[in-house]
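Hi everyone, thanks for coming.

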Amino acid sequence: MKTMAKACLALAMLSTPLGAAQAATTVEFWHAMSGELADRVNELVDKFNKSQNDYAVRAVAKGTYDEVVNSMIAAYRAKQQPAIVQVNERGFLTMVNSGATLPVAELMAKEGYKINWGDFIAPIATYYTKDGAMMSMPFNASTPILFYNKDHFKAAGFDAPADTWKGLEEQLYAIKKKGVSKCAAVLPADWEWSYLENYSAIEDQPYATKRNGFDGYGAEYVFNKTKLVGHIEQVKKHLDDGLMELAGQGINPGQLFIAGQCSTVINSTAAHAAVEAGAKFQWSATFLPHEEGSTAKNSTIGGAALWTLKGKTEPEYKAVAAFYDYLGKTETQVWWHKATGYVPVTSAAYAAAKAEGYYKDKPTREIAVLQLMRGTPSDNSRGFRLGNSAQANIAIKEEIMAGLLGQKPVQKAMDMAVERGNQVLRQFEKVNAGKN
Amino acid sequence: MLARTDSVSGVSLGKALRLAGARRTSDRSGGVESGLKRSSFPNRGLAYLLLAPQLFILLLFFFIPSVRALIQAFQLSDPFGGGVQWVGFDNLVALWRSPPYWAAVRATIVFMVALSVATLGIALLLAFAANHILRGRGVYRTLLIIPYAIAPAISGIVWAFLFNPSVGPLAQVLHSLGVAWDPNRYPGHAMTLVVVASAWKQISYNFLFLFAALLATPPSIVEAAAVDGAGPVRRFFAIVLPMLTPTLFFLFVINVVYGLFETFPIIDATTRGGPAGATTTLVYKVYQDGFVSLDLGSSAAQSIILMALALALTFVQFRVVERRVQYEV
């Protein structure tokens, strides 16, 4: 195994340009990006390696977010862990409580970099800050927005999607009735993020007690008693009436939109890269809908941050810090924002993109930023800090899906989802007792 | 666990090939078995030496992981290896009380029964047909064995694509026939899809054994029955089928073990256990709880239960197949 890793390393060194090959220290960076986004990560790392001669970062794609966490844990236990690992936002509490990570603020201070943490965009900073210190380096931050097929909307007699769920619903029915498209909407793969969590944030509805878990252990899911129940009933109606499709395994729901089959999809702003590359029709995007009569709050972030793992040598941490410093630079952020569709993580980068007139050409690229920074965040829209979120979501999605498919009443399905979600929270507290 | 299964099927595959080779040998199993039992090594050291590589592999990939799983089943552990708490039977009790676990048990039973019936039924039909073909028998045989050589993850993706309600060609055929096919929506459709995808692969294996067993049925008895006036259907049910029972029972056990353990990649590629957990079988749940949710204690407890099931099945197979279901000719 070890010789194999060495052989791979040797090969990688051979294939990189001379500058990188002479680097004193190489650190590994395990990530979960695939397709277009994986290419962008490789480009980013390449740029960093060429920008100086002392350090090199080697990006390794390890599959999906779940698979990255798995490989990382196995590697950590075998003391073969990478220095940098990309973990999605909902892994925050798991990573903080693991005792395996080095807070990024501490690392940067120790290595002598002065980072203006206050310049990070608030909803992103809040998510990754604990006890006043940034715990992980914000990397790819996104939020869901509504992509729509302009041709379909025009054919049905509309200029753009309505602002409210009720208005949008009428339009979707019209698209279906007029035979414009058989698939007016498609449920995204990560619908727990957009249809549950972000709906609750935008509508200012509590998702869990204790300020969605920000106040520490003991939080309980409460979404079975909020406006979310009515929203799920509405989604069920869309499924029942054939307005909405389920893409299923092996088919990316976003792909059905890009293929021109489905008229709308609520997807991460990071889908921009794929939509721009693939859509052969007039498309646009807009803010997520809200309920009639409610003032829409900010949406919450998705995406991931970079975590620094313990057990590495001092020179390796110097390399990590140099990479983070490079990442936080305004030019890097602007490039990353344009290349991928993710939002810039600092206000300076956002201002720079705006100043150069980027959003005049590409107005849809600004929606996510505007939506994230809309209004003053409330306790319900600040984000979520709930243990073992990946596990809880499997149970929550399974139960609510049973409700959506009519296997049980929606209210009952949501009660069950809350019950099973709470079991996961209690189990997490048991495993991580005393780390609150 | 997988090592166990493989070694069972490995041994039996050898047996099948011998059977196929010894076609029309009337004293098949008796002769082969006593021959095996008779052989012994005068030098015990050499025997152990020859066994060592296999035992080492079993130790590495079966015994050590099993013991660790057994220990972990009684622990609540931090996945990073930080803290470990002993919780006694908590993990098992939690499973007993967990409705999703019982839903997985039900899904597994439905899946395995449907899989066994479909696999054995179709394989028997194909074996019977291939046995009655005179020209190009070898070609048919080879073609029928090919699916076994295809990686399950790949076949799973292909099946998922073919039957995808939005883009799959076979789904379109079903739609045009008026079937509202949608495995993303209807649990029954999803279950059908995973059974079809899993059976498709396993039929080859079943076919191979049944074909070999059919070749080994003595034609003299069948001919004698024909002379006595029994029609082909009667000959099949009264003579050939009973003589196939040991093979059928063996295949049933193998199919159950296959359904229990080896269908993970197919389920992962076609339905991911959905919709709403409808195709989450016990082995898929082990993966989901252990590898996605990082609940190592519960996952270990579940694999212990599965291991107990596999041991029980293997025991039954050796007891019943080798002793009871035997029709000596």
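Okay, let's begin where the two chains meet: 35 residues of chain A are in contact with 34 residues of chain B. Before I go on, keep in mind that this is a predicted model. Which residues of chain A lose the most area to chain B? They're Arg77(A), Gln249(A) and Val431(A), and together they make up 21% of what that side buries.

Next, a residue that touches the other chain. Find Ser98(A) in helix H5 of chain A, which covers residues 92-98. Is Ser98(A) buried or exposed? Its relative accessible area is 9%, and the cut-off for buried is under 20%, so Ser98(A) counts as buried. Leaving aside neighbours within four places in sequence, Ser98(A) is in contact with Asp78(B) and Phe80(B). Its side chain also reaches the backbone oxygen of Met95(A), at 2.7 Å.

Now look at the loop between strand E3 and H5 of chain A, where you'll find Glu89(A). With 5% relative accessibility, Glu89(A) is buried. What is around it? Setting aside neighbours within four places in sequence, the contacts of Glu89(A) include Tyr127(A), Tyr128(A) and Trp193(A). Ile301(A), Gly302(A), Gly303(A) and Ala304(A) are in contact with Glu89(A) too.

On to the disulfide. Quick reminder: a disulfide is a covalent bond between the sulfur atoms of two cysteines. How many are there over all chains? The count comes to one, and it joins Cys183(A) to Cys262(A), with the sulfurs 2.0 Å apart. The pair links distant parts of the chain, 79 residues apart: Cys183(A) is in strand E9 and Cys262(A) is in strand E11. The torsion about the S-S bond of Cys183(A) and Cys262(A) is about 95°, so this disulfide is right-handed. Cys183(A) is buried at 1% relative accessibility, and Cys262(A) is buried at 0%.

Let's do a helix. H15 of chain A runs over residues 314-328, and its 15 residues reach 21 Å from first C-alpha to last, close to the 21 Å expected. Buried residues in H15(A) include Glu316(A), Tyr317(A), Phe323(A) and Leu327(A).

Most residues other than glycine have a negative phi. Asp204(A), though, has a positive phi near 60°. You'll find Asp204(A) in the loop between helices H10 and H11 of chain A, and it's partly exposed at 30% relative accessible area. Asn388(A) isn't a glycine either, and its phi is positive at about 45°. Asn388(A) sits in the loop between helices H19 and H20 of chain A, and it's buried at 14%.

Last stop, chain B as a whole. It has 14 helices and two strands, and 46% of its 329 residues are buried. Chain B exposes about 16,900 Å², with carbon and sulfur atoms supplying 70% of that. And for contacts in chain B between residues at least 6 apart in sequence, 69% join residues at least 24 apart. That's my tour, thanks!

Terms used. Residues numbered from 1 in each chain as written. Chains lettered and ligands numbered in written order. Predicted model: local features only at pLDDT ≥ 70, side-chain atom pairs only at ≥ 80, totals over all residues. Heavy atoms only, no water. Helix = DSSP H or I, 4+ residues; strand = E, 2+ residues; numbered from the N terminus. Buried < 20%, exposed > 50% of the residue type's maximum accessible area, 1.4 Å probe, protein only. Polar contact = N/O pair within 3.5 Å; in protein donor to acceptor, adjacent residues only side chain to side chain. Contact = heavy atoms within 4.5 Å. Areas by Shrake-Rupley, 256 points an atom, 1.4 Å probe, with all protein chains shown as cover. Expected span 1.5 Å × (residues − 1). Disulfide = S-S within 2.5 Å. Buried area = accessible area lost by both parts, 1.4 Å probe.
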